[in-house]
Amino acid sequence: MKLFVKYNRINLAATIIIFLLAAVAFYFSLQYVLIAQLDDNLETEQAEIEKYVAEHQKLPEVFTIKDQQIVFSLAPNNSNIKRRFTNVLLYDNVDNNVDVFRQLNFGIQVQNKFYEVKVSKSLEGTEDVIKSVAIITFVTILLILLVSFFINRVVLQKLWKPFYTTLGTINNFELSKQKQITFQPNNIEEFSTLNKIVEKVINKAQQDFISLKQFTENASHELQTPLAIIRTKLDILIQNENLSQQQTEAIHAANNALQRLANLNKSLLLLTKIENNQYEQKTNINFKSIIQNKLIQLNELIQNKNIQLGLNLEEVSINMNNDLAEILLNNLLINAIKYNVQGGKIIINLTSTQLQIANTAQTSLDTTKVFTRFYKAEQSAHSNGLGLSIAKQICDTAGYTLSYSFNNNYHYFIVSF
Amino acid sequence: MKVLIIEDELELLNSICSYLGNDNFICETATNFHSAIEKISLYEYACIVLDITLPDGSGLEILKELKKQHKADGVLIISAKNSLDDKLQGLKAGADDYLTKPFHLPELSARVEAIIRRKYFNGNDVITLNEIVVNTSQKTVEINNTLIDLTKKEYELLLYFISNKNKVISKNAIAEHLWGDDMDLADSYDFIYTHIKNLRKKLLNANCTDYLKSIYGMGYKFSIH
């Protein structure tokens, strides 16, 4: 639920309750005042009748006017007629219908006879007033609903617009794309404060991200020289002709570990550089010829596993960075060979929309983790678990999608251009 | 032939000098920008091995200085940065080759020799080692005046051995020279063995002395005197 919808609901409910309460209070006080007024009028009537009787020693002539009736009726002599006000239903001769009347009963003595007098005044006018009150209340509530709906739709939405713009900007923000974030200035304090804080947080995150990446790059670079020292020292050490077998084996193991370390460092450096957009220059690349060249380069590996190749390559020209294209194809093809079975197959389909590399395999890789850094399907000293992450990163940077699936004992890696 | 090694890391400098300085080369060293500038102004070198990042100046400035002084010294850049930009910049500034750390010393040696061959023999160099004659421009090998037929990899391997003659070369260094660092170590050992076996067979069939020695568990050595 949106904030202002919620706010409006509370606000409207409160307003309606207050209006209803006010209407009820108004109804009762109005009724009280109007009836008091009627009672006053009835008393005036009584006074006039008593005055007339006192002057003329006879009852006044009864005539019925609209909304008023006076009835005299003979009462027993000794009866004690109590003076009282009541609400009664009476037939209104003028309007020809039954109405509620306010009636004053009192006794009067004319010569020796006692009469009970009933003076009634219609409450119809009062009811009309009360009806109008109800109508006005109802209309007001309706108006409030309408106006708040309007405010909701137009005004509030306009007022909250900067907030939604900010939300959209944050939503579209990607840390890895080093894009400066800017907000439209606005004159609402809360929103400009929000924008300022968001800007600050994002700038901080961007700076941290940059410095982290720089750190990775610098650390990798700094590692290269010590690695070079170790490697050259080992190269010199093996020139010694008097090494024992044990020493030879130790040096060989050290050399292998060093190779892994150097490859790992190289891969990390490559990933960082791709992330840092250091491969920006793009050219039109003939994917078909790169694939064919790579397959020639990797021929020994392919022969070694007796792998059969199935090629269906169209002439496709792709606009991307040359080095990244080479690395991408290299990683995908090497994987297709490395994780193939003896006597297996590699099928490569290249069309203008996608490149599909499929190879025979026994089990599926974990599709959720396959592109995760340092993910290895099997614990292997021959893999650093970065090859596919690099391929993925290259595709992401180039705006392509790299997907993996496993079907009928084939790994499928598909690059969609 | 004199080579100048410009490198601020002393241990790396020592390694390079001790490897290169054995028979063919006389190694001179410079550990900072100023002594490097001084040496290139005073002497001529067959090749300069240049670390691009020096504490008191950029290696690129040294390249510019060489150009300004119209020196024809060959230059091999060694850099911790494996970036194309740096590579292009270095080559544009007049370097002959670019090698990324961490490198194998046999690789460095082979590159230095290749630069010297290109510079001083105009690429038409013929290397003669006893009965072996390698024409590096035509990429042909003759044994006792008979042309032998080598595959590309076998030729590369032979040239690599000749550039590092009398040195033990580890299998890792050979693998990296032939395939780069993309290969599985375990796989590449088998391939190296096959290639060396074939190369040796071809050399022996042409009545070449058996110079290729396998050093147990370590690598190979091309012993020739």
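# Reading a two-chain model

Q: What should I know about the model before going on?
A: This is a predicted model in which local features need pLDDT of at least 70 and side-chain atom pairs count only at pLDDT 80 or more, while totals for chains, interfaces and linings use all residues; side-chain values use heavy atoms, with hydrogens and water left out. Residues are numbered from 1 along each chain as its sequence is written, and chains are lettered from A and ligands numbered from 1 in the order in which they are written.

Q: Which confidence values are given for chain B and for the complex?
A: pLDDT is the predictor's confidence in each residue, from 0 to 100. Chain B averages 87, and 94% of its residues score at least 70. For the complex, the predictor gives an ipTM of 0.91 and a pTM of 0.71.

Q: How many helices and strands are there in chain A and in chain B?
A: Helices (H or I, at least four residues) and strands (E, at least two) are DSSP runs, numbered from the N terminus. Chain A has eight helices and eleven strands. Chain B has eight helices and 14 strands.

Q: Why is chain B called as compact as a globular protein of its length?
A: The radius of gyration is taken over C-alpha atoms, and the globule rule is 2.2 Å times the number of residues to the power 0.38. Chain B has a radius of gyration of 18 Å, close to the 17 Å that the rule gives for 225 residues, so chain B is as compact as a globular protein of that length. Its C-alpha trace spans about 55 × 35 × 30 Å along the principal axes.

Q: What radius of gyration does chain A have?
A: Chain A has 49 Å, whereas a compact globule of 417 residues would have a value near 22 Å. The C-alpha trace of chain A spans about 160 × 45 × 45 Å along its principal axes.

Q: Where do Val53(A) and Leu271(A) stand relative to each other?
A: The two residues are 218 residues apart along the chain, and their C-alpha atoms are separated by 117 Å. Val53(A) belongs to helix H1 (residues 3-56) of chain A. Val53(A) is buried because its relative accessibility is 5%. Contact means heavy atoms within 4.5 Å. Beyond residues up to four places away in sequence, Val53(A) touches several residues, among them Leu59(A), Pro60(A) and Ile108(A).

Q: Which residues does Gln393(A) contact, leaving aside its neighbours within four places in sequence?
A: Gln393(A) contacts Leu271(A), Ile274(A), Glu275(A) and Arg373(A). Gln393(A) sits in helix H8 (residues 387-398) of chain A. With a relative accessible area of 17%, Gln393(A) is buried.

Q: Where is Lys82(A) placed in chain A?
A: Lys82(A) is in the loop between strand E1 (68-75) and strand E2 (84-92). Lys82(A) and Phe106(A) are 24 residues apart in sequence and 6.2 Å apart in space, C-alpha to C-alpha.

Q: What is the share of contacts from residues 24 or more positions apart in chain A and in chain B?
A: Among contacts with a separation of 6 or more, such residues account for 67% in chain A and 58% in chain B.

Q: What percentage of residues counts as buried in chain A and in chain B?
A: In chain A, 38% of the 417 residues count as buried. In chain B, buried residues make up 55% of 225.

Q: Which residues other than glycine have a positive phi in chain A and in chain B?
A: One of them is Asn306(A), with phi near 55°, in the loop between helix H6 (299-304) and strand E6 (308-313) of chain A. Asn306(A) is exposed, with a relative accessible area of 55%. Another is Asn207(B), with phi near 65°, in the loop between helix H8 (185-205) and strand E13 (212-215) of chain B. Asn207(B) is exposed at 62%.

Q: Which residues does a cis peptide bond join in chain B?
A: The bond joins Lys101(B) and Pro102(B), with omega about -5°. Pro102(B) lies in the loop between strand E7 (97-100) and helix H5 (105-121) of chain B.

Conventions
Buried < 20%, exposed > 50% of the residue type's maximum accessible area, 1.4 Å probe, protein only.
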